[in-house]
Structure formats: C-alpha cells, structure tokens
Amino acid sequence: VTLILIINTGTYSNDLQTVCGSYVWIDGETYVSSNSSASHTIVGGADNGCDSTIILDLTILPLPVIDLAYTFFICDNSVTLDAGAGMESYLWNDGSTNSSLITNDAGTYSVTVTNSDGCEGYHELAVIKDCPYNIWIPNTFTPNNDGKNETFKAEGENIESFSLKIYNRWGELLFESNNILNSWDGTFKTK
C-alpha cells in the first residue's frame, strides 16, 4: 500500500482599495479610516479547496468639506452662495460651474464639488425670502413752529400696507392716511 500525500497550502491575496469617505468590505464592516491590517478568510475559497485569506490594504481619502450654511434669508437683495475655494470642479443645481452662485430667488439650491483626489461632496441649502418689517411711531410731537418734531409721522421698513387714524378723546377722527410717508401737523379742519 502506497500512500501519496499531497498538502496544498491556502492562498493569500491583497485587496488594494482607494476610496473616498468610507468603504464596506466583504467582511460586512464599514471602514471610515485607512486600514492595512483587516483580513478575511474564505473557507475552501482557493482553487485547490483550501482556505483563501484576503488582506485589505485600504486608503480612505477625505471627502471635500463644503463650508456653507443650510439656510439663507433674503429680502429685496441678492445672496452669494459660496462653496469655497480649492476644488477641481463645482456643479450647482442650475448647471453653473463657478465656486459661487449669486441669486435673489427663494428656493432650494445644491452644489456638488470634486476635489483633486476625485472625491465628491454634496451640500443642499434653502434660500428663504423673509423681509422683516420695522415700524417706529413717536409717542409725542410738538407742533409749535420751533422746527423740532413738528409733525406726527410713522416710519418703517418693508411695510406692505399701512393705515393711520388719529382720534381725539371724544372719538372724532382728526387725521387719516394709508401712506406711511404722510404726516399729521396737529391741525384739524385747518385749526
């Protein structure tokens, strides 16, 4: 009786990967930093029926950082949305390819940037039209012809509609205006 014994050895291989941000490997783990020590064995995975061991050689490249707020407010002005400098390419949702976008329209905007490693970053933001109003109404005035505080007048910003009615203590209407630019000089029926 002759016994012929053949011993096969397992196989070893390297899985060389360079990715942006994170990587899910065959072991089911999500890697977020570079790794050269992870290994995974596939039982009976080699061509000769032996175990196959794979060693991960992973380089994680950083994703681009887009330093841009998530909300911008505009009134009657424009806003510059600036995705920052130093990227290889920029693509805004309107198709423009500059690092910044100037708009005076409310809406949702997004930008995709690509850095020199080929990694992409994405950012979405909202531009909201919000015109805060301010109104100032004096609590006194002195119509005495000294050139100071001669009229009663409201002042304001971003006022869409305005109505001012001044009554005396008996409820009689003395002055009325729907225009914030109008002022009352203290007279009633030319007195």
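Rings of Phe, Tyr and Trp (for Trp, its six-membered ring) are taken to pair if their centres lie within 6.5 Å, and planes under 30 degrees apart count as stacked, over 60 as edge-to-face and the rest as tilted. By this criterion, a search of the whole structure, which is a predicted model, finds three aromatic pairs. One aromatic cluster is formed by Phe141, Phe152, Phe175 and Trp184.

Residues are numbered from 1 along each chain as its sequence is written. Because the model is predicted, local features need pLDDT of at least 70 and side-chain atom pairs count only at pLDDT 80 or more, while totals for chains, interfaces and linings use all residues, and side-chain values use heavy atoms, with hydrogens and water left out.

Strands are DSSP runs (E, at least two residues) numbered from the N terminus, and two strands pair if DSSP finds at least two bridges between them. On this basis, four strands make up an open sheet in the order E6-E11-E10-E8, with mixed pairing. Strand E6 (71–74) and strand E8 (89–92) lie at the edges with a single partner strand each, so one side of each is left without a neighbour in the sheet. Direction ignored, neighbouring strands of this sheet are turned by 25° against each other on average, where the axes are lines fitted to C-alpha atoms and angles run from 0 to 180 degrees between N-to-C directions.

E6, in contrast, pairs with E11 in the parallel sense over four bridges, and isoleucine 74 stands opposite lysine 129 in E11.

A nonpolar core is a set of buried Ala, Val, Leu, Ile, Met, Phe, Trp, Tyr and Cys residues joined through side-chain atoms within 4.5 Å, buried meaning under 20% relative accessible area with a 1.4 Å probe and protein chains only. The largest such core has 16 residues, and those with the most contacts inside it include Phe72, Trp92, Val113 and Leu125. At least two residues of this core come from each of E6, strand E7 (79–82), E8, E10 and E11, and E10 gives the most, with three residues.

Methods. Buried means under 20% relative accessible area, exposed over 50%, partly exposed in between (1.4 Å probe, protein chains only).
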